[in-house]
Structures are given as structure tokens and as C-alpha cells.
Amino acid sequence: MHEDLLKSISRNTRIAVVMGLGALASGIAGLLNPWWFLSIPVSTIGAGLVTKGTLDQLERRSRTKSSAAASHPLARIWNIPQPCRSFTGREWDLKEIVKYYEDQSPCTIAIHGMGGVGKTQLTLRHAHLSRTEVEVGWFINAARREYLITGLTELLAHLGVASTDDGLDDAKTCLMHLGNVSGFILVYDDVHDPTTVEDLLPTIGSGVALITSRHADWRGSVQPHRVTPLDPASSTEFLARRAGQKDPPGAEQLAAQLGGLPLALEQAAAYCDSTGVDYVAYLSQLTTRLEELLKTKKPPNYPLPLFHTWSMSIKEARGQSADAVDLLYLLAHLASAPLPIDLLPEALRDPDSVDRVVSVLNDLSLIQTDHTSKTIQMHVMLQLVVTNEVSHSRRETALIKRTATLLEAAFPQPRWVGSQTHEWERCAKLRPHAETVLENCRRVNLRTRTVANLIYWLAYYLDDIGNFDNAEPLHGECIALRTELLGAEHPDTLNALNNLATVLRRTDRLEEAGELHQRILEVRQRTLGTQHPDTLVSMNNLGRVKFDLGDFDAARALLEQAVRDFPESHHGEPHQNTLAAQTNLALVLVQQGEVDRGLDIHQKVLAEKQALLGGKDPDTLRSAYLTACTLRTVGRADEARTLLSETLAEQSRLLGIQHPDTVRTQSELNSLDSAPAG
């Protein structure tokens with residue numbers, strides 16, 4: 001390009017000289033005119049000015065062309081396809097790719113992820129953004145090693161180097177000659193296995209080799225970069241661009257259902273564009289005609305429709321490990337959310353095969369592993385593809401039953417005393433999976449004790465974190481299922497009834513709560529006896545509701561009996577139910593004027609909970625709140641304010657500012673601060 005520019009300048013210079021000489025000749029001809037004595041100097045000056053002006057103009061033009069060519073040169077050798085026009089987002093990925101080879105050149109980056117996540121499109125986008133900075137850009141289908149060798153051999157010819165009969169030598173020669181060019185981008189697309197590119201990576205020159213692969217296990221000199229699905233905003237924008245509308249109906253909902261998978265988004269948009277179906281209609285058809293929709297209409301710039309892309313990966317996984325595919329089908333019936341890896345030994349028929357099985361699925365990008373959180377996750381669209389295969393079959397029911405058994409055994413249960421705060425993080429991770437499993441159980445009408453138990457523990461956790469709106473219907477479902485399977489008076493059924501009654505009390509439906517607790521108490525007295533611990537629990541619970549209703553005498557009678565008959569300790573430690581009954585009795589005593597006695601009980605219970613559970617347990621903090629309220633009642637406002645402030649700080653950190661306990665403490669502290677002094 002630069003040589004052509006110099007030739008152009010030389011040619012234009014010759015033209016300028018000729019023009020100058022022409023002007024001089026015209027002047028000489030003027031000698032014949034009357035003013036002949038002025039002809040020669042005027043012509044000479046004119047010729048000089050013409051020549052200089054022409055040369056100046058040409059020089060300015062050549063500088064402009066040279067500057068433009070220097071700032072925006074296009075690659076001399078280029079076969080990399082254009083990315084799809086609706087390419088959206090990926091700003092972070094594009095910046096990260098550049099960072100990888102800013103400090104090292106040449107380098108190789110393996111852009112890996114599940115089928116359909118947009119690896120190739122990201123690579124094409126980066127290549128075209130960099131086209132003005134390189135001399136060579138070359139795209140190769142590298143699904144097989146022989147394809148890669150052929151592609152490099154073809155590039156060698158474009159570099160002007162003669163080839164031999166040895167393809168591998170030619171490929172290596174090509175890589176060596178890339179050291180002579182001013183920048184290159186190689187795209188090795190769809191590499192199935194790292195051995196495909198062995199000894200065929202650039203080692204000299206200024207450039208980058210971009211590998212796209214579903215395989216995740218890249219080591220050595222190859223820098224791995226995992227591509228994840230698009231975020232919701234980018235997914236919606238993608239569909240909007242394809243539809244040519246700013247906010248097409250159904251775009252946001254469809255984007256969410258497709259889980260940010262660019263190939264699925266492009267396939268849906270292409271289908272809608274060619275058939276005239278809008279996004280709302282496509283979304284409604286997605287579950288009923290899933291396989292047909294995913295197989296139809298291959299999107300431009302993508303080698304295979306989505307269904308075939310994943311089918312190839314699953315087939316490859318099956319060839320490596322039958323257990324891996326078995327786990328894949330099991331995961332498909334859980335939520336598309338991180339699942340703790342430590343559950344897998346219970347999920348697999350061979351518990352010792354966990355590492356091998358996870359490695360197979362992860363290497364093929366059928367799952368995503370997070371070593372920091374020790375979780376695995378499966379994409380929602382891949383789940384739909386897998387579950388669609390076994391839909392309405394005995395195998396589907398068997399898989400759902402296995403997931404229910406897995407989650408019921410894994411879901412944390414409360415400690416003997418106090419709440420399950422120490423397991424809240426674990427419960428939160430398992431909650432989406434439990435909810436998905438229960439939805440599947442309802443769909444196939446699976447009604448077993450295992451299902452009832454899973455409902456019970458999920459509802460218990462939601463109670464514990466104060467999410468009563470979601471807990472209440474689960475309690476009702478558990479009661480109905482246990483009544484059907486075990487009978488209305490079975491202890492497990494009554495426990496579920498008791499939990500529902502507690503939710504009713506905590507949401508201020510005291511009359512309903514009282515009636516339910518009364519019913520439970522009568523059944524327990526009749527079937528278990530008056531001294532049974534479960535019967536005493538019902539006495540305590542009914543006594544608390546009576547207190548809330550203002551029936552202090554009835555509350556006191558029930559609570560005094562419960563305190564009297566509960567054991568003082570359990571295995572040498574204060575008994576949870578005893579502490580609960582003592583707390584409720586203290587509330588009654590304060591209301592009936594025995595404030596000092598009530599305060600003594602609250603302080604004793606608080607001290608025992610601090611020793612047993614620690615000062616930051618929610619149950620301990622509830623006792624701290626009640627103790628502070630009683631201190632205020634006896635006029636010890638400063639002590640009450642200090643204790644409330646400390647309690648509020650811990651509850652805000654542990655439970656959040658919206659939790660009912662936190663809100664109650666904040667309200668009491670505000671009331672105390674706004675009260676008149678003295």
C-alpha cells in the first residue's frame with residue numbers, strides 16, 4: 001500500500017513538471033508579441049508557481065491518503081465472517097479478550113462455554129473490531145485436526161509461500177511466516193478437544209489465536225475465557241433489534257425463558273421473522289412444540305440449530321460415561337440454579353464417580369462449575385431439551401421421585417434448640433431446587449411421604465426467615481398430603497398443623513390461630529396424654545395466643561402448667577420448650593403487674609440462650625428484645641435503649657431490615673427515643 005502511494009506521488013510529480021514546462025513554452029511563444037521583453041520572466045515565474053502549487057496540492061493529498069491509510073488500514077488477507085447484525089452486549093468479554101494479549105503476544109485464548117452461548121459470535125465481533133490493526137485475519141473450522149491443518153495450509157498460499165506435500169509441515173510453516181506480518185488474528189472455530197490444536201498454535205509474531213470450544217479444560221499456554229449467557233437487558237435488546245422495534249410485545253418474557261442464550265434468541269427471532277409469528281405466540285408454543293421449534297430454521301452465521309448442537313454434546317458425553325448422562329437427566333429436573341456439589345454422591349448410583357462424571361459434563365460445557373462456591377449449574381434451555389425427551393413417560397416420574405428423595409434428605413432441619421440460622425445459606429441454595437422439584441411432583445401427581453417431608457422443611461425455613469406469605473400455602477399443602485397419607489391425628493400431621501397455627505399468630509390472625517391450637521391440644525391430650533412433650537408444646541402455644549388476645553388468666557394457667565411439667569434440661573442443657581414457656585409466662589406476669597418477677601425470668605432466659613446459642617442467634621435476640629421492653633417498663637430506659645440498639649444492629653445484619661423481628665425492634669427503639677424524658 002505504501003509503495004503504491006510513492007509511485008502515485010512520483011507519477012503526479014512528473015505531471016506537475018510537464019505542466020510547468022508547458023507554461024514556460026507558452027511564455028516563449030509570447031516573444032513574438034509586442035511585450036516580448038516581459039514574456040520570459042513572467043513565463044518563468046508562472047511556470048514555477050504552477051509547478052510549486054501543483055506539487056503542494058499533491059503533497060497535501062498524499063499526506064491525507066497516507067494518514068487515512070495509516071489510521072484505518074484493512075487487513076490484507078481476510079476471510080473471517082461478519083458477526084450477526086443483532087449482536088448485542090458482551091462489552092466486558094470484549095475488553096477481557098484484549099487484556100489477555102496486551103501483555104503477551106502472540107497468545108492463544110480458548111473462548112469456551114455451552115453450545116449456543118455465543119462463543120463464535122463473540123469471536124467474530126472481536127475480530128472485526130480489530131480488523132484495522134492486523135494484516136491477516138483467518139477463520140478455520142477446527143472441528144477436526146485435519147480441518148485445521150487444511151485451513152492453515154490455505155493461509156500459507158495466501159501468504160505467498162509455496163506448499164509441500166506434507167500438510168502438517170505446511171501448517172507449521174504457515175505459523176512461522178505469521179511472524180513476518182504486522183499483526184494477525186486466527187480463529188480456530190468449534191475445537192472439540194485440546195489435542196486438536198496440539199503443536200499448531202502460534203509462537204512468534206504479533207497476534208492472537210482465538211479458539212472457540214464447548215470443552216472447558218484448557219491448560220498450559222492457552223488462556224481460558226468462559227462465556228456465560230447474556231444478561232436479561234442484553235437479551236431483550238437482542239430480540240428488539242431483530243424485530244426492528246423498540247419494545248416488541250413478549251420480548252422480555254421470551255428473553256427470560258430462553259435464559260440469555262444467543263443461539264436460542266437468534267433461532268426464535270429467525271423463526272418469528274420467517275413465519276410471521278410474534279414473540280408472545282412463540283413463547284406459548286415453546287413448551288408444547290419445543291423440539292420442533294429448536295430444530296427448525298437454522299439461524300444465519302450459526303452452523304447448527306440449537307437442538308442439534310446440544311444433542312451432539314450429549315451424545316459425546318454418553319460415549320464417555322453413562323453415569324454422566326444419568327446425572328445430566330437428573331439435573332434437568334432441578335432448578336437452573338447453583339447446586340452444591342456435595343449432594344452428588346447421593347444422586348449418583350456410584351458415589352465414587354462424582355469427580356469423573358462432573359469432569360465429563362463440565363468439559364463439554366453441559367454444566368457450569370464454580371469451584372469457589374463448590375456448585376454446579378445447568379442452563380434452563382438445556383434442561384428443557386433434556387426434560388422434553390422424557391416428558392410424559394415412566395422415566396420422567398422416576399427422575400422426579402429421585403430428585404424429591406435427594407432434596408428431602410439434603411434439606412437442613414432445625415437444631416434441637418433454636419432456629420436453623422446456621423443453615424440459612426444452605427437452605428437458600430436448596431430452596432429453588434426444592435420448589436422446582438415440588439412443581440414437578442404436582443405436575444405428575446406424585447404424592448408420597450418424601451414429598452410431604454420436603455414441603456414441611458421448606459415451609460419451616462420460610463417461617464424462620466419471616467417469609468410467611470410463601471410459607472402458609474406450603475403448610476396447607478403439607479397438612480392435606482399428610483392427612484391423606486397418615487391420617488388427621490398422626491403426630492406428623494399435627495406438627496404441620498401447629499406450624500400453620502404459628503404463622504397465623506405471627507400474622508395477627510389470632511382467633512384462627514387460637515382455634516387451631518385448641519384443636520391440636522385436644523387431640524394430643526386424648527391421643528398422647530397430658531404429660532407428653534408435644535401436648536405441653538400445644539399448651540405453651542395456646543397460652544401465647546391467649547396472651548395476645550388479652551385473656552391473661554387463661555394464658556397464665558396454661559403456661560404455668562407447661563413450665564411446671566416441661567423438663568428443666570435436656571442432656572444437661574436448658575430445654576428449648578422450657579425456655580419458650582418461661583418466656584411466655586414472663587410476658588403474662590408483666591401484664592398482670594408482677595413486673596420484677598417477669599424481668600427476672602426474661603434475664604435468666606436471655607443468659608441461658610446466650611450461653612447455649614450465642615449472643616447473635618435470632619432466638620437469643622428475641623429474648624434480648626423482650627428483656628429490653630421489660631427494662632423500659634420498670635423505668636430503666638437507658639439500659640433498655642442500649643440493649644435495643646445492640647439487638648437492632650445484630651438483627652439488621654443477620655435477618656435484614658425487612659424481617660418482622662427487626663421491624664419490631666426498630667419500632668420499639670423509635671418509640672423509646674420519642675418518649676418524653678422522665
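Modeller: Ala, Val, Leu, Ile, Met, Phe, Trp, Tyr, Cys and Pro count as nonpolar, Asp, Glu, Lys and Arg as charged, and the others, Gly among them, as polar. The model is predicted: local features need pLDDT of at least 70 and side-chain atom pairs pLDDT 80 or more, while totals for chains, interfaces and linings use all residues. Residues are numbered from 1 along each chain as its sequence is written, and side-chain values use heavy atoms, without hydrogens and water.

Biologist: How do the residues of the lining of the largest pocket divide?

Modeller: Into 15 nonpolar, 16 polar and 17 charged.

Biologist: What makes a space a pocket, and what is the volume of the largest pocket?

Modeller: On a 1 Å grid over the protein atoms alone, a pocket is an open set of points with protein on both sides within 12 Å along at least five of seven lines; a cavity is a set where a 1.4 Å probe fits but cannot get out. A lining residue has an atom within 4 Å of a point. Points are joined across faces, edges and corners, and the volume is the space filled by probe spheres set on them. For the largest pocket that gives about 1,800 Å³. Its lining has 48 residues, with Tyr460, Thr502, Asn541, Gln576 and Ala580 nearest the centre.

Biologist: Which helix gives the largest share of that lining?

Modeller: Helix 21, with eight residues. Helices here are DSSP runs of H or I with at least four residues, strands are runs of E with at least two, and both are numbered from the N terminus. Elements giving two or more lining residues include helix 19, helix 21 (491-506) and helix 25 (576-591).

Biologist: How many cavities of 30 Å³ or more does the structure hold?

Modeller: Three. Eleven residues line it, and Phe87, Thr88, Gln121, Phe238 and Pro262 are the closest to its centre. That lining splits into seven nonpolar, three polar and one charged.

Biologist: Why are Phe411 and Tyr461 called an aromatic pair, and of which kind?

Modeller: Rings of Phe, Tyr and Trp (its six-membered ring) pair if their centres lie within 6.5 Å; planes under 30 degrees apart are stacked, over 60 edge-to-face, the rest tilted. Phe411 and Tyr461 stand at 6.3 Å and 65°, so they pair edge-to-face. Phe411 sits in the loop between helix 17 (394-410) and helix 18 (424-443), Tyr461 in helix 19 (residues 449-464), 50 residues apart. The structure holds four aromatic pairs. Ring pairs also link Tyr456, Trp457 and Tyr460 into a cluster.

Biologist: What makes Arg395 a charge over the face of Tyr329?

Modeller: The test needs NZ of Lys or CZ of Arg within 6 Å of the ring centre and within 35 degrees of the ring normal. Arg395 lies over the face at 4.2 Å from the ring centre.

Biologist: Why is strand 2 (residues 107-112) called largely enclosed?

Modeller: Buried means under 20% relative accessible area, exposed over 50%, partly exposed in between (1.4 Å probe, protein chains only). Six of the six residues of strand 2 are buried, so the rest of the structure largely encloses it. Cys107, Ile109 and Ile111 point one way, Thr108, Ala110 and His112 the other.

Biologist: How do you know that strand 2 and strand 5 (residues 207-213) pair?

Modeller: Pairing takes at least two DSSP bridges between two strands. Strand 2 and strand 5 have six, in the parallel sense. Cys107 has Val208 as its bridge partner. Five bridges join strand 2 to strand 6, where Thr108 stands opposite Val222.

Biologist: In what order do the six strands form the open sheet?

Modeller: The order is 1-3-4-5-2-6, with parallel pairing. Strand 1 (77-78) and strand 6 (222-226) are the edges, since each pairs on one side only.
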